[in-house]
Amino acid sequence: MSWTSSLQRKLSEGLPYDQLLPDEQPAYVHSYVYLFGVATIGSFVLLVVTGVILAAFGPQWWHGAAVGHFFNSLHFWAAQAFFFFMVVHLWTAFFQGAWRDGRGLTWVSGVVTFLVSIVTAFTGYVSQQNFDSQWIATQGKDAMNSVGVGAFFNVLNFGQMYGFHVFIMPVVVAGLMGVHLTLVRLRGVVRPYDLPGPSKRRVSEVA
Amino acid sequence: MDAPAHYFHWGFILISTANLIVIALMILVFAAAILVPYPSGKGKQR
Amino acid sequence: MMATKRAYYAGVRFAPYDLVKEFVFALAAVTVLVIVLAALLSSPDVPSLTIKTVATQTPQNYVQLELDSLDGNGDVAGYGPPYNHQSGSVQYIGPVSVQNLFGVHIPVNPARDYVLGPLEQTRRSDPALAAALQTFRTAPATTQSKWEAAYNSALLKAKQQGSKLTIPSCSCGPVTLMMSRLLALGQSGAMDGLLLTSRHFYQTDYTRPLLFMNYTDAMANKATKYNLLGSTWGVMNETGNYPGQAWLWLYTLLYQIPPYTTAWAANTDALAILTVTILSLLLLLLPWIPGLNRLPRIIPVYRLIWRHHYRTGGNG
């Protein structure tokens with residue numbers, strides 16, 4: 001049994017192209033609320049691009065040079081936008097009951113992405129090398145220590161936090177977003193709730 | 001922008017103007033996304 | 001389309017939808033938004049505090065912290081895991097302290113790291129200091145404690161004028177000279193480097209200087225000025241007029257309300273994190289929690305979101 005052909009078959013069956021990138025959607029995908037997910041992805045792309053530039057030039061650049069500080073500002077506002085859109089996307093998914101009809105794992109992957117993003121932002125805040133970082137690190141350490149995490153995740157250690165922020169965490173977030181998107185595409189958008197009442201229109205009954 | 005922020009204080013709630021604006025905007029944008037009519041396109045039956 | 005999915009969408013009308021175009025437009029819109037915000041509002045960047053600033057602006061407080069480090073009465077000396085085996089900042093969840101279970105992983109010894117170590121490194125060029133250190137080290141522990149206590153009393157009566165600190169004479173043995181040298185090291189900026197120094201050439205770990213800075217008045221005052229204290233929702237605040245980590249509202253809320261501020265005050269951090277972990281799990285497992293998973297069905301926001309669909313009888 002060839003492992004390669006087995007994997008090839010599994011991939012082509014499990015991840016068909018027309019499912020991953022469909023050119024049509026159910027007609028009920030008819031609201032601006034469906035755009036918050038993609039706005040979150042857009043913000044993440046910006047975070048990665050500005051983050052790569054900040055990492056390439058280093059801390060002295062983002063504090064000292066005018067252009068460096070501007071990229072610091074871009075990264076800051078991209079982070080704000082990322083959380084802004086992600087939270088509103090979460091509200092949307094909640095009010096749609098988007099986990100219905102076998103979409104539980106899609107919801108779980110989204111919530112995990114949100115929680116991991118919070119840790120990612122935290123490692124960024126303590127990597128800035130300004131008063132904000134000093135304060136957040138010294139305050140955050142008590143919380144980390146109180147549950148034992150501080151023993152191996154030392155928020156006062158710039159080298160460790162910076163490594164987490166510029167490599168480990170972005171890779172994890174990107175991976176989670178990849179899983180989330182794949183699940184969204186494979187399972188499709190959830191059908192609208194049936195309207196309650198005697199004249200119930202069974203427009204979204206699961207076949 | 002670097003001067004200490006202004007804060008709103010209601011009971012035990014204390015929030016900076018900037019955070020309040022961000023949270024209010026999130027609610028507004030969410031409401032607008034729901035309420036603003038979405039342009040209709042042509043569809044086809046499957 | 002896979003069979004199960006085809007069945008799921010039976011009877012549903014599909015319409016063309018350009019995902020790639022949507023992504024490109026969203027990216028362009030967010031890019032413009034972020035560029036405009038960055039250009040108009042810049043970003044917060046309050047310069048970091050240095051030990052030099054602390055020693056220069058608040059010499060009395062600086063020397064007090066050095067003395068506390070030497071006599072073992074300071075917050076760092078009494079902290080507990082992961083820095084040492086004390087219990088001052090150890091927190092419990094019920095009878096269990098996870099903090100203690102993990103043990104000491106980042107050893108910090110304030111007397112050695114903040115006082116004797118830095119002084120040892122400068123004694124070569126300072127015969128008076130070398131002699132004082134020799135006297136201190138060879139004295140019995142009771143004598144050391146007596147000197148430290150006497151210095152503590154004198155320090156309380158010290159006069160601070162700008163960066164100058166005048167301490168009334170006392171029978172404090174070598175401690176007087178040691179403390180005056182530490183103040184000089186602090187004010188010259190040398191201490192910033194000495195606290196950072198490990199046996200390696202390159203430095204990336206700020207644990208020791210940050211732990212020292214943590215308990216200075218200068219740090220607390222600056223944080224108070226920007227309203228960053230945990231007891232005033234500081235976790236979600238930012239320096240200046242900028243939005244902070246607003247997504248931490250639920251976590252920081254717990255630090256404002258009983259029982260976290262009252263009966264649980266000694267273990268606030270551990271219990272707040274436990275609470276947020278439980279709430280996060282609830283959010284994570286929402287799809288399978290009876291009652292909660294029907295909330296969106298009860299709150300009729302979905303009728304607004306899909307109003308076009310309902311109005312057109314499922315064909316819109």
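How far apart are the end C-alpha atoms of helix α5 (residues 66–95) of chain A? Keep that question in mind while you set up the view. This is a predicted model, in which local features need pLDDT of at least 70, side-chain atom pairs count only at pLDDT 80 or more, and totals for chains, interfaces and linings use all residues. Residues are numbered from 1 along each chain as its sequence is written, chains are lettered from A and ligands numbered from 1 in the order in which they are written, and side-chain values use heavy atoms, with hydrogens and water left out.

**Stop one: helix α5 of chain A**

Select residues 66–95 of chain A, where the end C-alpha atoms of α5 lie 43 Å apart, in agreement with the 44 Å that 30 residues should span at 1.5 Å a residue (the expected span is 1.5 Å times one less than the number of residues). Helices here are DSSP runs of H or I with at least four residues, and strands are runs of E with at least two, numbered from the N terminus. Because 24 of its 30 residues are buried, α5(A) is largely enclosed by the rest of the structure; buried means under 20% relative accessible area, exposed over 50%, and partly exposed in between, with a 1.4 Å probe and protein chains only. After α5(A), pick A:Gly97, whose phi is positive, near 55 degrees.

**Stop two: A:Ser43**

Now select A:Ser43, which is found in helix α3 (residues 36–57) of chain A. Is A:Ser43 buried or exposed? A:Ser43 is buried, with a relative accessible area of 0%. Leaving aside neighbours within four places in sequence, A:Ser43 is in contact (heavy atoms within 4.5 Å) with A:Ala78, A:Ala81, A:Phe82, A:Phe85 and, from another chain, C:Val30.

**Stop three: chain B and its side towards chain C**

Of the 46 residues in chain B, 26% are buried.
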